[in-house]
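Thanks for asking me to look this one over.

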Amino acid sequence: MTAPSRQRKREKRPPKPLDEQALRDLALHYLGRFATTRARLVQYMQRKVRERGWAGDVSPDFDQIADRCAELGYVNDAAFAEMKGGALLRRGFGPRRVEQALQAAGVSEADRMPLRDAGRDQAASAAIAFARRKRIGPFASESADPDRRRKQLQAFIRAGHDFALARTLVFADSMEEIAGLDED
């Protein structure tokens, strides 16, 4: 027989409201776990203050904490953009999709510019990687019917690829048809 105290569920206490030091500690802990942008760090801190409350006398200065983290090198939007954009391109996503992902992550226009150029330069190789991964066109085991090709074309467009490039890959039946694509 168990004791009555063991049978009752332990009630959780609400977390203590944050102060300036606790907010900085949370930000550093978050940065230690995730590669992120300055904008996402600010959003994370704002969410934590909403969830737990604020115990400080003056409202928190999220931008000042994020600026200090960037100054110390814990947050680097340009490096994040290069890492995230490169990973998306290698996975086969097109330049438009890379641009959207970086914009959603809060990367500034200036930090997105080099990836935009790289995305255009690597568009064909990214499209080929996408086709290989999804087994489309010359990478398919069998020829697709018109309805399936339409769906494959839509997948290419959603992945951020140019329509003409996507059409070339979807309707290619052999590797010889796409031989010169990634050299352009």
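This is a predicted model: local features need pLDDT of at least 70, side-chain atom pairs count only at pLDDT 80 or more; totals for chains, interfaces and linings use all residues.

1. Residues are numbered from 1 along each chain as its sequence is written, and side-chain values use heavy atoms, with hydrogens and water left out.

2. The count of salt bridges is 13, taking a salt bridge as a side-chain nitrogen of Lys or Arg within 4 Å of a carboxyl oxygen of Asp or Glu. One of them joins Glu-99 and Arg-116, with the closest N and O atoms 2.7 Å apart. Glu-99 sits in helix H6 (residues 95-104) and Arg-116 in helix H7 (residues 109-121), so this pair ties together parts 17 residues apart in sequence. Helices here are DSSP runs (H or I, at least four residues), numbered from the N terminus.

3. Are the two partners buried or exposed? Glu-99 is buried, at 18% relative accessible area, and Arg-116 is buried too, at 17%. Buried means under 20%, exposed over 50%, and partly exposed in between (1.4 Å probe, protein chains only).

4. Within helix H4, Arg-68 and Glu-71 are three residues apart, about one turn, and their side chains form a salt bridge (2.6 Å, N to O). Arg-68 is partly exposed at 40% relative accessibility, whereas Glu-71 is exposed at 61%.

5. Lastly, the crossing of H2 and H3 is worth a look: their axes come within 10 Å and cross at roughly 130°.

Note on methods. Axes are lines fitted to C-alpha atoms, for helices over the stretch in contact, and angles run from 0 to 180 degrees between N-to-C directions. Helices (H or I, at least four residues) and strands (E, at least two) are DSSP runs, numbered from the N terminus.
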